[in-house]
Amino acid sequence: MAMAFKMATEGMRVKQECLSSFTEMKWKRASRYVVYKIDEKSREVTVDKVGSPGDGYDGLAASLPLDDCRYAVFDFDFVTVDNCRKSKIFFIAWSPTASRIRSKMLYATSKQGLRRLLEGIHYEVQATDAAEMGLDVIKERAK
């Protein structure tokens, strides 16, 4: 099981709490979003923040720093044109323009390893500013 949490690229490990928080969000609906960060010293992906079930998209957007990269998963609830309630999980690779080049490279090369472990993600969004991952973008992708 420990091998499953070892990233293929850059030697990054994913802590068990990352998978646990994602599973609780997905199945128990214990949170609306989870933000992950890479700890460069320990070379591990860790949980940075977990949004409460009442938090929405604005809480996620506010929890992403303007000068550093992050990964996030967001559970988006919506109603279709047929009046059916649905939920889609988005994986967001946040890499703002103001972040360090080393950080951007580290997150870019480690993304697939984390993404593979988080089973059940419907869509992926890469964003360098808030407009690229706006609620309108997420709504459009969920259709």
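## Salt bridges and paired strands

Strands E2 and E3 run antiparallel and are joined by 6 bridges. Two strands count as paired if DSSP finds at least two bridges between them, and the element names follow DSSP runs numbered from the N terminus (helices: H or I, at least four residues; strands: E, at least two). This is a predicted model, in which local features need pLDDT of at least 70, side-chain atom pairs count only at pLDDT 80 or more, and totals for chains, interfaces and linings use all residues. Residues are numbered from 1 along each chain as its sequence is written, and side-chain values use heavy atoms, with hydrogens and water left out.

**Around strand E2**

- Strand E2 is mostly covered, with 5 of its 7 residues buried; buried means under 20% relative accessible area, exposed means over 50%, and partly exposed lies in between (1.4 Å probe, protein chains only).
- E2 also runs antiparallel to E4, and 4 bridges join these two strands.
- Tyr36 has Tyr71 in E4 as its bridge partner.
- Asp39 stands opposite Glu44 in E3.
- The hairpin of E2 and E3 has 4 residues between its strands, and there Arg43 takes a positive phi near 55 degrees.

- Side chains of opposite charge can pair when their charged atoms come close.
- The structure holds 11 salt bridges, each one a side-chain nitrogen of Lys or Arg within 4 Å of a carboxyl oxygen of Asp or Glu.
- One of them brings together the side chains of Glu44 and Arg13, at 3.3 Å from N to O.
- Glu44 is in strand E3 (residues 44–50) and Arg13 is in strand E1 (residues 13–14), so this pair ties together parts 31 residues apart in sequence.
- Glu44 is buried at 17% relative accessibility, while Arg13 is partly exposed at 36%.

- Arg29 and Asp77 meet through their side chains in a salt bridge of 2.6 Å, N to O.
- Arg29 sits in the loop between helix H1 (16–28) and strand E2 (33–39), and Asp77 sits in strand E4 (residues 70–79), so their pairing ties together parts that are 48 residues apart in sequence.
- Both residues are partly exposed: Arg29 has 37% relative accessibility and Asp77 has 27%.
- Arg32 forms a salt bridge with Asp77 too, and their closest N and O atoms are 2.7 Å apart.
- That pair links distant parts of the chain, 45 residues apart, with Arg32 in the loop between H1 and E2 and Asp77 in strand E4.
- Arg32 is buried, with a relative accessible area of 17%.
- Which residues do salt bridges with shared partners join into one network? They are Arg29, Arg32, Asp75 and Asp77.
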